[in-house]
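Here is a briefing on one structure.

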Amino acid sequence: MSPSESTRIVLASRPEGRPTAQNFRSEHVTLPPLADGQVLLKILYLSLDPYMRGRMSAAKSYAAPTEIGQVMEGGTVAEVIESRDPVFKPGDLVLSYSGWQSRAVADGGQLRKLDSKSAPVTTALGVLGMPGFTAYAGLLTIGQPKRGETVVVAAASGPVGSAVGQIARIKGARAVGIAGGPEKCALVRDMFGFDAVVDHRDPDMANKLAAACPDGIDVYFENVGGHVWDAVFPLLNSFARIPVCGLVAQYNATGDFPGPDRLPVLMRQVLSKSLTIRGFIQREFVAAQGAAFREEMARWIAEGAVKYKEDIVEGLENAPGAFIGLLEGKNFGKLIVKL
Ligand SMILES: NC(=O)c1ccc[n+]([C@@H]2O[C@H](COP(=O)([O-])OP(=O)(O)OC[C@H]3O[C@@H](n4cnc5c(N)ncnc54)[C@H](OP(=O)(O)O)[C@@H]3O)[C@@H](O)[C@H]2O)c1
């Protein structure tokens with residue numbers, strides 16, 4: 001394959017509910033020649049993240065949907081193989097947003113150089129990248145955990161949840177994780193050092209969560225929604241803070257949500273317990289906190305206060321299957337495709 005030929009995965013159709021392999025299509029294209037200020041990239045690693053499910057849908061959201069026939073979006077780590085930007089030379093490793101493809105043309109101004117000596121480059125897609133930053137900014141800015149408080153987070157073995165719990169502990173709070181299945185629960189407790197962990201697949205999950213939070217919940221970092229939220233809601237303390245980061249349990253949902261309208265009950269508790277519920281998209285905090293995050297998180301990793309786990313899948317052709325599995329909890333750590 002010549003350097004300017006790329007294999008890419010495009011959105012073939014919009015999913016109804018759970019995505020399937022038929023929603024994706026593989027194509028081979030020849031990339032255009034470089035203009036001044038551009039570089040040619042060989043993609044080494046592609047990040048797979050839950051937000052991509054939103055891009056596959058035409059529903060109105062905070063970001064424009066991916067159009068049918070367009071390359072699936074995504075964060076990538078790449079090697080510069082040709083450059084018409086004086087800042088970059090062949091061999092440089094960069095963080096780019098090139099999506100699900102093997103080669104890409106990018107504007108130099110959109111790239112950030114990576115130093116493989118200071119950290120494995122894959123961490124730029126996980127603990128030192130967007131998911132780690134999401135945990136940092138959402139927890140510290142909205143959650144504001146204090147010494148002795150109880151912080152609860154679900155999807156606790158994933159890149160956002162695992163960072164939330166570990167940062168909460170750094171701040172002196174008690175971290176309680178919720179994860180799916182015994183293997184993930186063991187990881188959350190033994191590797192990430194949470195004070196307690198509850199399996200959300202356990203039919204007695206609500207009682208187990210109550211037992212794990214004897215002093216109630218002061219910060220609930222909302223990653224999933226669904227039945228986890230139902231178990232958390234009665235345990236919230238007065239003045240609890242709830243950063244609403246994601247609702248992965250409902251990303252594949254179609255039509256109206258089942259059950260009675262619970263909004264009046266929610267609003268009564270918001271009022272009587274003085275709850276703070278605040279949604280956020282991580283990029284709103286990047287300009288103000290991005291540099292501090294990278295410095296502080298790198299230090300926490302070096303000190304051993306923050307650990308991370310990556311789940312690396314080989315081959316771009318396996319990205320659709322791995323992504324479908326991510327929405328069902330089949331990943332075990334930060335999901336990354338190695339090309
Ligand atoms: N607001 C933002 O700017 C922003 C940025 C990044 C990520 N996010 C959100 O943060 C959340 C976590 O992202 P991540 O990258 O760290 O993902 P992740 O943890 O690697 O993967 C998602 C996890 O969600 C859990 N899950 C799926 N369905 C569930 C259900 N029905 N009930 C309970 N848990 C379920 C699964 O873990 P278990 O097997 O343990 O259940 C799955 O592994 C997502 O909601 C994502 O959309 C938001």
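**Nonpolar cores**

The largest nonpolar core holds 34 residues, and L139, V151, V164, F194, F221 and M297 have the most contacts inside it. Such a core is a set of buried Ala, Val, Leu, Ile, Met, Phe, Trp, Tyr and Cys residues joined through side-chain atoms within 4.5 Å. Buried means under 20% relative accessible area (1.4 Å probe, protein chains only).

- Two or more residues each come from α2 (130-143), β8 (150-154), α3 (159-170), β9 (174-179), α4 (182-191), β11 (217-221) and α8 (286-303).
- Helices (H or I, at least four residues) and strands (E, at least two) are DSSP runs, numbered from the N terminus.
- α2 gives the most to this core: six residues.
- Leaving out residues up to four places away in sequence, V151 touches L139, P145, V164, A168, A173, R174, A175, V176 and V219; contact means heavy atoms within 4.5 Å.
- A second, separate core has 23 residues, including V152, A154, I217 and V224.

**The second largest pocket**

- The lining of the second largest pocket has 22 residues, and G226, W229, D230, Q250 and R262 lie nearest its centre.
- A pocket is an open set of points on a 1 Å grid over the protein atoms alone, where a 1.4 Å probe fits, with protein on both sides within 12 Å along at least five of seven lines; lining residues have an atom within 4 Å of a point.
- α6 supplies the largest share of this lining, four residues.

**Basis**

- This is a predicted model: local features need pLDDT of at least 70, side-chain atom pairs count only at pLDDT 80 or more, and totals for chains, interfaces and linings use all residues.
- Residues are numbered from 1 along each chain as its sequence is written, and side-chain values use heavy atoms, without hydrogens and water.

Terms used. Buried means under 20% relative accessible area, exposed over 50%, partly exposed in between (1.4 Å probe, protein chains only).
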